[in-house]
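Please view the structure first.

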Amino acid sequence: MFRALFAASLATLFWGLVAGFAYSMALHGRPPFGSDPLLGAREAAVRRDLPGALRQYEMAQRLSPDDARIAVEHGSLLVANGRFDAAAERLEFALGRRPDDARTLAGLADARRGQGRHGEALALYARALARAPGHPGLIRALAETRRESRP
Amino acid sequence: MSAIALPPPVPVPLLRFGRAFVHPSFDLLVIGSLSSLVLAPVLLWSDSSAPAAFLERWLAVLVLLSNSAHFAASTVRLYSRPGALADSPWLTMALPAAALLALTVAIAFAGTLGAPLQALYLTWSPYHYAAQAYGLTLMYAYRSGCAFGDGERRWLRAACLAPFLAAVVGGRLLGEGGLEARAAVATALGWASFVLPLALFARRGLLGLPSLPLISMAVLLSNAVWLVALNRAGVFAWATIFHGLQYLAIVTLFHVRDQQKRPGNAHGAAWHAATFYAGCLALGYLLFEVLPFAYVLAGFGVVESLLLVAAVINIHHFVVDAFIWRLRKDPNYAIVTDPA
């Protein structure tokens, strides 16, 4: 019985590997190597499949609840799609784990700017610029937020 | 009055490498992982971004060569032992089927089962590191003429488990509750991780007992550095690479010794080591890089396929590993005590 079980497992594994290799080759045009779990979410975002991308980010965060990198990518996608409240929640979580990360600071600044909380956005852009001095995108965003914040 | 003159007592050297399997420098640098202790200050305190940039660029290759191959190594070792299928039918024949089934169910119900499975794997992983450190410490100590009482063995185990407990208590796996209190306990455990090995070393010196060999001390301290310092600094990826190298070296060594003792063996050590590593590399690549795409093809998401395949292979490795290193019931024990 054990041997039959083992033979069935080996056969399943073998054909699974053959199919997986062929499918990955067809999908990416190269043998699978160094795949990032967030690959699917990024590909969906590029295809402008927002629900698909969000579903995969949510799944990734559920499986790796402590991974701030997922929250930053997830939050940035939400900002790009105008969902500023949800984005701010994700990016605040990420900032709690990576308080000095320029990308996280900039993402949260974008979310605050979208929420109309310009003061907080300016402070966050300034912190991000201190960690990435001279970054042209940050300088531009800072200038635009200053303009928007004037009465 | 007796005419028999007792020989003068032989002075016990305080610092000694210990009896190596390959060469003291190889055993110390790779199996003792002194190399990781040398690199640790750069990772922890250097302002240079070079280590992070190097890791980012080469991570996939290093993971394949070390991590993936080491996970596969326990399986390759298990099945390459003569009579493995007959001796351990549960482990060799039922476990793979159970693992495949569990993996498929977990991916199918990733929303419910995925997180607990990941939590199990992420908790078991530092325990596996600690257990490996304990096994290697004792292995080199016994080979080098140390004997331990039950009490001292318990303290050695505590020295290996303290970093694991520090990682679990101080990490986020236990949730967000009581973070401050947990951080204080984790800090105390972190200090204990370094103090206990040094205290055990000093105690043996003070009592005039054969000292713990440097290879054992390096194993103990690298375990503490990985699980406490590198983990807290967010550069644990390096620890996984060194752990993989450590494991690959020791398991390859045992495999080579086993194979060379087989009747009719016609190959040298290098051939056995190379073929064993090639097998580990190939299996590691297929399991970690290719298998997830079979699940993607079946309609599951990339995220759950990649993460949960890794989790189940890890758990399978931990189980197999726990069995293949039961030395006293095993031909491996002869290799530990073998004077060759």
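Within chain B of this predicted model, the lowest mean pLDDT, 63, falls in helix 13 (residues 332-337) of chain B, and the highest, 97, in helix 11 (residues 269-297) of chain B. Here pLDDT is the predictor's confidence in each residue, from 0 to 100. Helices are DSSP runs of H or I with at least four residues, strands are runs of E with at least two, and both are numbered from the N terminus. Chain B as a whole averages 91, and 92% of its residues score at least 70.

Chain A has a mean pLDDT of 93, with 100% of its residues at 70 or more. Its lowest mean, 91, belongs to helix 2 (residues 39-46) of chain A, and its highest, 96, to helix 6 (residues 102-115) of chain A. For the complex, the predictor gives an ipTM of 0.87 and a pTM of 0.89.

Some conventions follow. Residues are numbered from 1 along each chain as its sequence is written, while chains are lettered from A and ligands numbered from 1 in the order in which they are written. Local features need pLDDT of at least 70, side-chain atom pairs count only at pLDDT 80 or more, totals for chains, interfaces and linings use all residues, and side-chain values use heavy atoms, leaving out hydrogens and water.

**Helix packing**

Two packed helices are described by the angle between their axes and the distance between the axes. Axes are lines fitted to C-alpha atoms, for helices over the stretch in contact, and angles run from 0 to 180 degrees between N-to-C directions.

| Helix pair | Axis angle | Axis distance |
|---|---|---|
| Helix 1 (residues 2-28) of chain A and helix 5 (residues 89-108) of chain B | roughly 45° | within 9 Å |
| Helix 2 of chain A and helix 3 of chain A | about 160° | 7 Å |
| Helix 11 of chain B and helix 12 of chain B | roughly 130° | within 9 Å |

The crossing of helix 1 of chain A and helix 5 of chain B is left-handed (the near helix is turned anticlockwise from the far one by less than a right angle; clockwise is right-handed). Residues in contact (heavy atoms within 4.5 Å) include Phe2(A), Phe6(A), Trp90(B) and Met93(B). By class, this contact has 11 nonpolar, 3 polar and 1 charged residues. Ala, Val, Leu, Ile, Met, Phe, Trp, Tyr, Cys and Pro count as nonpolar, Asp, Glu, Lys and Arg as charged, and the others, Gly among them, as polar.

Helix 2 of chain A also passes helix 3 of chain A in a left-handed crossing. Among the residues in contact are Gly40(A), Arg42(A), Gly52(A) and Tyr57(A). The classes here are 5 nonpolar, 3 polar and 1 charged.

Helix 11 of chain B passes helix 12 of chain B in a right-handed crossing. Contact residues include Leu287(B), Phe288(B), Val309(B) and Ile313(B).

**Salt bridges**

Over all chains, the structure holds 18 salt bridges (a side-chain nitrogen of Lys or Arg within 4 Å of a carboxyl oxygen of Asp or Glu). One pairs the side chains of Glu304(B) and Arg55(A), at 3.7 Å, N to O. Glu304(B) lies in helix 12 (residues 302-324) of chain B and Arg55(A) in helix 3 (residues 50-63) of chain A, so this pair joins two chains.
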